[in-house]
Amino acid sequence: MKDTVSRPLAGRHVAIVHPAWHSCGTYRVVLGQVAAYRALGARVAPVAICDMPGFTPERAWRWRAFVEATPELSRGERWFGGAPFHAFATPRFLRDVLWPYLHGDQAIIRAGVAERAELALGLMDRRFDLVHCNHFFLMSAAKRLARGAPIMLDSHDLQARQFALMNEHMPWLPPRVTYEQMLARELELMRGADLLLHLNAQEYDDFRALLPEKDHALLYPSAPEAPLGPGGQDILLVASNNSANVDSVCWFLREVLGDTRIPHLRIVGNVDAGVKARDPALFATHRASFVGRVDDPGAAYATARLVLLPTISGHGLSIKTVEALASGLPLLSTSHAFRGMHVDLARFADVTIADSAEDFARALKAAAADARVPSEAQRAASEMRRFYDAHFSLDAYRANLAALAPALIGAKTRA
């Protein structure tokens, strides 16, 4: 009886379908899912689906770089899926997937490649009690694994918004695909799930209005804990290479910093590649501040005294904001960095909000001149860390997942 209460998924088989991405917010969310399901007693099978040609399961050498970049997933079983080269050369793919993509249809290319992904025979022989799918465009793979088992779909924001943002900087053929067209495809695939999970309050409200016939749940993700010390002089900005982050970092470098040099400024993450591609001259001017991709971005918080969140673009919950809260460090942020959270920012004494470039620059200058380093005890006791523990810790996510997954499995079994 005790094991049933503390480990309600003991003996259950759960597949977690996710994009073959690393060094990004989605990957951090997937790690939290794997840890939570295992803590609930499930046997977990993470399944990475690649959106590049030739990454079929048997071609282990092609997956080597991804495996090396995701060591956390190698602590248990892991599986791979991808479309063979020849799938990209068929008339149907060229007509129905590639041609719309050349007009900017980010939704159809992702769904079309996933639909053609090959899965390992050993994986297809498994009987799963639950499939947890990340992103609507992987639903075809989730359905093949489910074979009647319930599917929970993590929406990871309203993706058509992200695609429209990405398309702003792309030279697509006319007529360019519309936001409404990509949204329609997104909603169509989402209807195949039994329960829709949403990472933030805004997308929860939006999807309930768009898909009122479906069951929805607001499920804040689990983000890894950031080290609480020992501290140091670093002023930290963490960002991965996506369009919204590149927009934000370029704004920070161009509008906030300008010709100013901030000692100990470290820009961590593979956003350096995006900034270099977007504005080579701007990157060259600030090259010394870029650290690039690191194996453990969380470790960067250990030697910092201040975290910068100069977020001006993007939709959905910001995982880097959650990680910053977990660090317990003082934050200098725009209000947009806290999108999707039900929180009164006034409760955080050590969060400074500055939405204009002038205000951000003024606050940064003052913060940089203050060399005090918070102690580990101060960081652990901060209101930011308490908020993280209550809403985004592994314990919080596990408790919320335990209220959803067993009930969904039971309902599907009874049906």
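## Salt bridges, sheet and cores in a predicted model

D247 and R278 form a salt bridge, with the closest N and O atoms 2.7 Å apart; the term covers a side-chain nitrogen of Lys or Arg within 4 Å of a carboxyl oxygen of Asp or Glu. D247 sits in helix α11 (residues 243–257) and R278 in helix α12 (residues 271–278), so this pair ties together parts 31 residues apart in sequence. Helices (H or I, at least four residues) and strands (E, at least two) are DSSP runs, numbered from the N terminus.

A word on ground rules: this is a predicted model, where local features need pLDDT of at least 70 and side-chain atom pairs count only at pLDDT 80 or more, while totals for chains, interfaces and linings use all residues. Residues are numbered from 1 along each chain as its sequence is written, and side-chain values use heavy atoms, with hydrogens and water left out.

**Salt bridges**

- Searching the whole structure turns up 22 salt bridges.
- Back to the opening pair: D247 counts as buried at 15% relative accessibility, while R278, at 33%, counts as partly exposed. Buried means under 20% relative accessible area, exposed over 50%, and partly exposed in between (1.4 Å probe, protein chains only).
- R28 and E323 also meet through their side chains, at 3.0 Å from N to O. That pair links distant parts of the chain, with R28 in helix α2 (residues 25–39) and E323 in helix α14 (residues 319–327), 295 residues apart. Both R28 and E323 are buried.
- D129 forms a salt bridge with R12, their closest N and O atoms being 3.3 Å apart. D129 is in the loop between α6 (121–124) and β5 (130–134), and R12 in the loop between α1 (2–6) and β1 (13–19), so the pair ties together parts that are 117 residues apart in sequence. R12 counts as partly exposed, at 31% relative accessibility.
- Salt bridges also link R43, E77 and R126 into a network.

**Aromatic pairs**

- The count comes to 15 aromatic pairs. Rings of Phe, Tyr and Trp (its six-membered ring) pair if their centres lie within 6.5 Å; planes under 30 degrees apart count as stacked, over 60 as edge-to-face and the rest as tilted.
- One of them is W63 with F80, a tilted pair at 4.6 Å centre to centre and 40° between the planes. W63 lies in the loop between β2 (43–49) and α3 (64–69), and F80 in strand β3 (residues 79–82), so the pair ties together parts 17 residues apart in sequence. W63 and F80 are both buried.
- Ring pairs also join Y220, F338, F348, F387 and F392 into a cluster.

**The sheet**

- Eight strands make an open sheet with mixed pairing, in the order β4-β3-β2-β1-β5-β6-β7-β8; two strands pair if DSSP finds at least two bridges between them.
- At the edges are β4 (118–119) and β8 (216–218), each pairing on one side only.
- Strands β6 (residues 151–154) and β7 (residues 195–198) run parallel and are joined by three bridges. Here L153 stands opposite L196 in β7.

**Nonpolar cores**

- The largest core has 38 residues, of which V17, I49, V131, L145, I151, L153 and M190 touch the most other members. A nonpolar core is a set of buried Ala, Val, Leu, Ile, Met, Phe, Trp, Tyr and Cys residues joined through side-chain atoms within 4.5 Å.
- Elements giving two or more residues to this core are β1, β2, α5 (106–115), β5, α7 (139–146), β6, α8 (159–167) and α9 (179–190). Helix α7 supplies the largest share, five residues.
- Leaving aside neighbours within four places in sequence, V131 is in contact (heavy atoms within 4.5 Å) with A15, V17, A142, L145, A146, P150, I151 and M152.
- Another core lies apart from this one; its 31 residues include A201, A304, L329 and F392.

- The buried residues of α5 pack against β2, α4 (91–102), α7, α8 and α9.
- P19 is found in strand β1 and counts as buried, at 3% relative accessibility.
- P19 and F137 are 118 residues apart in sequence and 9.3 Å apart in space, C-alpha to C-alpha. Beyond neighbours within four places in sequence, the contacts of P19 are T26, I49, N134, H135, F137 and L138.
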